[in-house]
Amino acid sequence: MRWDLVIFDCDGVLVDSEPIANRVFTDLLNELGLATTLEETMRDYVGRSMASCMAIVGERLGRPVPDGFVDAFRNRTADAFRAELHAVPGIEAALDAIADASLPTCVASSGEHRKIRLSLGLTGLLPRFDGRIFSAQDVARGKPHPDLFLHAARAMGADPSRCVVIEDSPLGVRAAVAAGMTVLGFAARTDPGTLAELGATTFDDMTRLPEMLSGTPRTSSRRTEEGLKRD
Ligand SMILES: [Mg+2]
């Protein structure tokens, strides 16, 4: 399969940001009086847009989220990223190999543009994607809706059925499947069984990405082959 486009999620796929951002978010929820564990934050908020996260928090609080909560989260996360953020191990070599194969790439993230650029800038990855970064801010509905991935494909001139998405969150896998795209589920920090159930082919070592891109059949053709074998 010669892909039209390789679409990368940002958090958890390019940069190892989820442990940091979720720790900060959990601290803020507890300070707000909403007793929350890190595990609950990872389960309930990972992969969502900020607007979607705030809707959930407001519902659980039973009152509007106070002014300043989002700004506090942004500021504290940015400080923590500056101190701690690293690229996902193996991603630079994988991106080198993908560039050598002349495969077009882009980023499609639930994060806001400012945060995506900060994360990629701090980890040295920004020059690899500059001008090809898409955010949930750009569309009406974020993941798990397909809008962001379809928007990225359209902007890049790619046929969705010939796009492959690299995702680490269940919501992101659902969005990519809904967009009719093939999904490789990066399960270094997420449950591979959950990603696979949702339709992803999973892997947990980013250095394997180039070989997976050259060997992964399209979701539809794999299903057809399995169907033929059963008959
Ligand atoms: Mg992610």
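Which residues coordinate the magnesium ion? I looked this up at the start. D9 (OD), D11 (O) and D168 (OD) coordinate the ion, at 2.0 to 2.2 Å. Donors here are N, O and S atoms within 2.8 Å of the metal (3.2 Å for Na, K and Ca); water is not among the atoms, so sites may look incomplete.

I noted the ground rules. The model is predicted: local features need pLDDT of at least 70, side-chain atom pairs count only at pLDDT 80 or more, and totals for chains, interfaces and linings use all residues. Residues are numbered from 1 along each chain as its sequence is written, and side-chain values use heavy atoms, with hydrogens and water left out.

I checked the spacing of the donor residues and found D-x1-D-x156-D. D11 sits in the loop between β1 (5–8) and α1 (18–31), D168 in the loop between β4 (163–167) and α9 (170–178). D11 and D168 are both buried (under 20% relative accessible area; exposed is over 50%, partly exposed in between; 1.4 Å probe, protein chains only).

**Aromatic pairs.** I searched the whole structure and got 5 aromatic pairs. Rings of Phe, Tyr and Trp (its six-membered ring) pair if their centres lie within 6.5 Å; planes under 30 degrees apart count as stacked, over 60 as edge-to-face and the rest as tilted. F8 and F129 are edge-to-face, with 5.8 Å centre to centre and 65° between the planes. F8 is in strand β1 and F129 in helix α7 (residues 126–129), 121 residues apart. F8 is buried at 0% relative accessible area, and F129 is buried at 1%.

I then took F25 and F69. Their ring centres are 6.0 Å apart and their planes at 80°, so this pair is edge-to-face. F25 is in helix α1 and F69 in helix α4 (residues 69–84), so the pair ties together parts 44 residues apart in sequence. F25 is buried at 4%, F69 at 5%. F25, Y45, F69 and F73 form one aromatic cluster.

**Helix α5.** Which residues of α5 (residues 91–100) are buried? I found I91, A94, L95 and I98. S102 follows α5 with a positive phi, near 60°.

Technical notes. Helices (H or I, at least four residues) and strands (E, at least two) are DSSP runs, numbered from the N terminus.
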